[in-house]
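Me: I would like to go through this structure with you by question and answer, beginning with the backbone and then moving to the packing and the charged pairs.

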Amino acid sequence: MRWQNQTLDADDGALPGLSRAGFVRTVETPEFEGITFHEVLCKSALNKMPENSTLPFQWTINPMRGCSHACRYCFARPTHEYLDLDAGRDFDAQIVVKTNIAAVLRKELGRKSWQRDPVALGTNTDPYQRAEGRYRLMPGIIRALTDSGTPFSILTKGTLLRRDLPLLTLAAREVPVSMAVSIAILDPELHRGLESGTPAPRARLDMVRALTDAGFAVHVMVAPVLPYLTDSRAHLDELFGAIAAAGAASAVAFPMHLRGSTRGWFLGWLAEAHPALLRRYRQLYGRGAYVTPEYAAWLRERVTPLLERHGLTRNGESAAAPARGPEPHERADTQLALFA
């Protein structure tokens, strides 16, 4: 393999945070131009949620840190700062890969103390971002969870998931498996500006269809809704219609949250691409991470009848999200009650 020529004792002096993360080596390859991978050996694969978390799972798995999807609005950007990397371009291009995560996970799941609590993937960075095509971490993770009898859920924008669809179908025969896909934008130009590293929205809709045809009840996260950019009735109606046509079982939508350094990264893009909106955003968000309660209520009133029209509510209930998202310590930009 071409990476075998990479040094194993690379100097990580420029990345002091990685020395605390089990750093092994740094890898660059022409197949991933502009992206650097930092391979690490993790000590633990399972992340315990805080006791006061309101989410319907206690454990998460994050095979990587940083994400080549490069979504300008990604809530997880500030987590890169823990590694002494920046939350902007470093988050997009300096990807930390936990190469031993499947083996560590299997060991943790084999402990007598493991209670087979539901485990969520995709709550921080996407497990099916481009690097998964090279490192192939997910098949080992899926097998470990299945063999241990542990229910799990996956939230992704990555169409690479289709590679593992046969494995996921087999897993679903043994344990509960929940699947969710994130699709927030249909407009090609807006997609290129805000989600430049993600598969096209139409490709993700095709993935929803493939998952549905395989027997999964797919949930779609229309998240985040971007004020004044993707919150029009026409855009939401078209998007929900496409989601329903792809066979999704349900959907939820909620406004963008701008926490920490994500705020500056997004507003920097906005100032260049849509400068006329900058003042309105500052009024809408004030100095905080959330939109005003008035906007959140307005969006719910717009979203709820559209979801009902397209048959995307669960059990006849509205899938519009509440005004505020999870608290920052929960590290999720989703209302992940979809996995309940």
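Me: In which loop is the place of Ala70?

Reply: This is a predicted model, and in it Ala70 has a positive phi of about 60 degrees although it is not a glycine. Most residues other than glycine have a negative phi. As for its place, Ala70 belongs to the loop between β5 and α1 (89–93).

Me: Is Ala70 buried or exposed, and what is the relative accessible area of Asp84?

Reply: Asp84 is found in the loop between β5 and α1, and its phi, near 60 degrees, is a positive value in a residue other than glycine. Ala70 has a relative accessibility of 14%, and because buried means under 20%, Ala70 counts as buried. Asp84, in turn, is partly exposed, its relative accessible area being 41%.

Me: Which peptide bond is cis, and in which strand does Pro224 lie?

Reply: Most peptide bonds are trans. The bond from Ala223 to Pro224, however, has omega near 0 degrees and is cis. Pro224 lies in a strand that spans residues 219–225, namely β10.

Me: Which strands are the edge strands of the open sheet of 4 strands?

Reply: The sheet has mixed pairing and runs in the order β1-β2-β6-β5. At the β5 end, β5 pairs with β6 (residues 94–98) in the antiparallel sense over 2 bridges, and Met64 stands opposite Val97 in β6. The strands that pair on one side only, and are therefore the edge strands, are β1 (23–27) and β5 (64–65).

Me: Which parts of the chain does the salt bridge between Arg309 and Asp237 link?

Reply: The closest N and O atoms of Arg309 and Asp237 are 3.3 Å apart. Arg309 is exposed, with a relative accessible area of 56%, whereas Asp237 is partly exposed at 24%. The two residues are 72 residues apart, and the pair links distant parts of the chain, helix α11 and helix α8 (residues 233–245).

Me: Are Glu195 and Arg204 buried or exposed?

Reply: The side chains of Glu195 and Arg204 meet in a salt bridge at 3.0 Å, N to O. In another salt bridge, that of Lys48 with Glu51, the closest N and O atoms are 3.2 Å apart; there Lys48 is partly exposed, with a relative accessible area of 40%, and Glu51 is exposed at 70%. Glu195 and Arg204, by contrast, are both buried.

Note on methods. Residues are numbered from 1 along each chain as its sequence is written. This is a predicted model: local features need pLDDT of at least 70, side-chain atom pairs count only at pLDDT 80 or more; totals for chains, interfaces and linings use all residues. Side-chain values use heavy atoms; hydrogens and water are left out. A salt bridge is a side-chain nitrogen of Lys or Arg within 4 Å of a carboxyl oxygen of Asp or Glu. Buried means under 20% relative accessible area, exposed over 50%, partly exposed in between (1.4 Å probe, protein chains only).
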